[in-house]
Amino acid sequence: MHDDLSAILIDRDSIAERVESLATELERDLRVKVESGDLIVLPVMTGSVVFMADLMRHLPIRFRIEPVRARSYVGPTTVANQPVQLEGVDEESLRGSHVLIVDDVLDSGRTLSQLRSVAEAAGALSVAACVLLRKETAPDTPCEYVGFDIPDEFVVGYGLDYNGLYRNVPDIAVLRPEVLTEGPAGA
Ligand code: 5GP
Ligand code: MG
C-alpha cells in the first residue's frame, strides 16, 4: 500500500463487483429510455474518470459521452456556500435527450443538484444521476443510482484525488491525517 494511505475503505474487488451490478441496473432502465431519445452521459471530470471507464464497459447500449468539469473543492475542505463552477456543458445537445450524470462522490450535493438543474433547464427528456460514493452528509439530494454509502471521511483512489495525487490507487482509501495537514510525502 502507498505510504501515505492509512486504510483501505473499499477494495478493488468489491468496487468491481458493485460497478457491474450498478451497470446491470442502469442497462435495464436506460434501454427503455433510448427508445424515445438519444442518451448522453455526463461524467464529472476528473474524479469520475476511472468509475466511468469501468462502468461504460458494462453498458452495451448506445450513448454519447460529454465530459463536464465541476470545481468546488480545494484540498479536503469545501469552499463553503459558493456555487459549483460548471464547465463544458453543451446545453444545445442536451435538449430532447436523456441525460445520465456520473460522478465520483456525492458530498454536499451541490454538484449534482446544479448539474441536474442545468440539464432540466436545457430541455432534457429525463435526467438521472449515478455516483460511486455517497456520504452521509447529503441525505436529501436525489440520486437514482448509488454504488456505496460511506461515512463522512475524505477518501482517495479509484480516480479520486488529493491535490491531484492518488487517482491511480486501485482501491478507495483513507489518507494518513498527517498527509492532510503536512502535504503528500515526496511531493
Ligand atoms: P459536492 O458538490 O457533492 O459537495 O461535491 C462533490 C465533489 O467533491 C466530488 O465530485 C468530489 O470531486 C469532491 N469530493 C467530495 N468528497 C470527496 C472525498 O472524500 N475525496 C475526494 N477526493 N473528493 C471528494
Ligand atoms: Mg468531482
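Colleague: How far is the sulfur of Cys143 from the closest cysteine sulfur, and in which residue is that?

Modeller: The distance is 6.8 Å, and the partner is Cys130, which is too far for a bond. A disulfide here is a pair of cysteine sulfur atoms within 2.5 Å.

Colleague: How many disulfides does that rule give?

Modeller: The count is 0 disulfides. Before we go on: this is a predicted model, where local features need pLDDT of at least 70, side-chain atom pairs count only at pLDDT 80 or more, and totals for chains, interfaces and linings use all residues. Residues are numbered from 1 along each chain as its sequence is written, chains are lettered from A and ligands numbered from 1 in the order in which they are written, and side-chain values use heavy atoms, with hydrogens and water left out.

Colleague: Now the ligand. Which residues come nearest to ligand 1?

Modeller: There are 16 residues around ligand 1, and Asp104, Ser108, Thr111, Val155 and Asp161 come nearest. To be near, a residue must have one of its heavy atoms within 4 Å of the molecule or strand in question.

Colleague: What does Asp104 do there, in terms of atoms?

Modeller: A polar side-chain atom of Asp104 is 2.6 Å from an oxygen atom of ligand 1. A polar contact is a pair of N or O atoms within 3.5 Å; within protein, one must be able to donate a hydrogen and the other to accept it, and residues adjacent in sequence count only if both atoms are side-chain atoms.

Colleague: And which backbone atoms lie by the ligand?

Modeller: Asp107 has a backbone N or O atom 2.9 Å from an oxygen atom of ligand 1. For Asp161, a polar backbone atom is 2.7 Å from a nitrogen atom of the ligand.

Colleague: How much of the accessible area of ligand 1 does the protein cover?

Modeller: On its own, ligand 1 has 510 Å² of accessible area, and the protein covers 92% of that. These areas come from the Shrake-Rupley method with a 1.4 Å probe; for residues, only the protein chains shown count as cover.

Colleague: Which elements give two or more residues to the shell?

Modeller: Those are β8 (98-106) and α4 (110-121). The largest share, 4 residues, comes from β8. Helices (H or I, at least four residues) and strands (E, at least two) are DSSP runs, numbered from the N terminus.

Colleague: What is the shell like by class?

Modeller: The shell around ligand 1 has 6 nonpolar, 3 polar and 7 charged residues. Ala, Val, Leu, Ile, Met, Phe, Trp, Tyr, Cys and Pro count as nonpolar, Asp, Glu, Lys and Arg as charged, and the others, Gly among them, as polar.

Colleague: Different topic. How many salt bridges are in the whole structure?

Modeller: The search finds 12 salt bridges. A salt bridge is a side-chain nitrogen of Lys or Arg within 4 Å of a carboxyl oxygen of Asp or Glu. One of them joins Asp54 and Arg57, at 2.8 Å from N to O.

Colleague: Where do those two stand, buried or exposed?

Modeller: Asp54 is partly exposed at 25% relative accessible area, while Arg57 is exposed at 62%.

Colleague: What about Arg176 and Glu178?

Modeller: Their side chains meet in a salt bridge at 2.2 Å, N to O. Salt bridges that share partners join Asp4, Arg176 and Glu178 into one network. Arg176 is partly exposed at 26%, and Glu178 is partly exposed at 33%.

Colleague: Now the backbone. Which peptide bond is cis?

Modeller: The bond from Met45 to Thr46 is cis, with omega near 0 degrees. Thr46 is in the loop between β2 (39-45) and α2 (49-56). Most residues other than glycine have a negative phi, and most peptide bonds are trans.

Colleague: What is the phi of Tyr158, and of Tyr166?

Modeller: Tyr158 has a positive phi of about 50 degrees, and Tyr166 has one of about 75 degrees. Tyr158 sits in the loop between β11 (155-156) and β12 (172-175), and Tyr166 lies in the loop between β11 and β12.

Colleague: Are these tyrosines buried or exposed?

Modeller: Tyr158 is buried at 6% relative accessible area, and Tyr166 is buried at 5%.

Terms used: Buried < 20%, exposed > 50% of the residue type's maximum accessible area, 1.4 Å probe, protein only.
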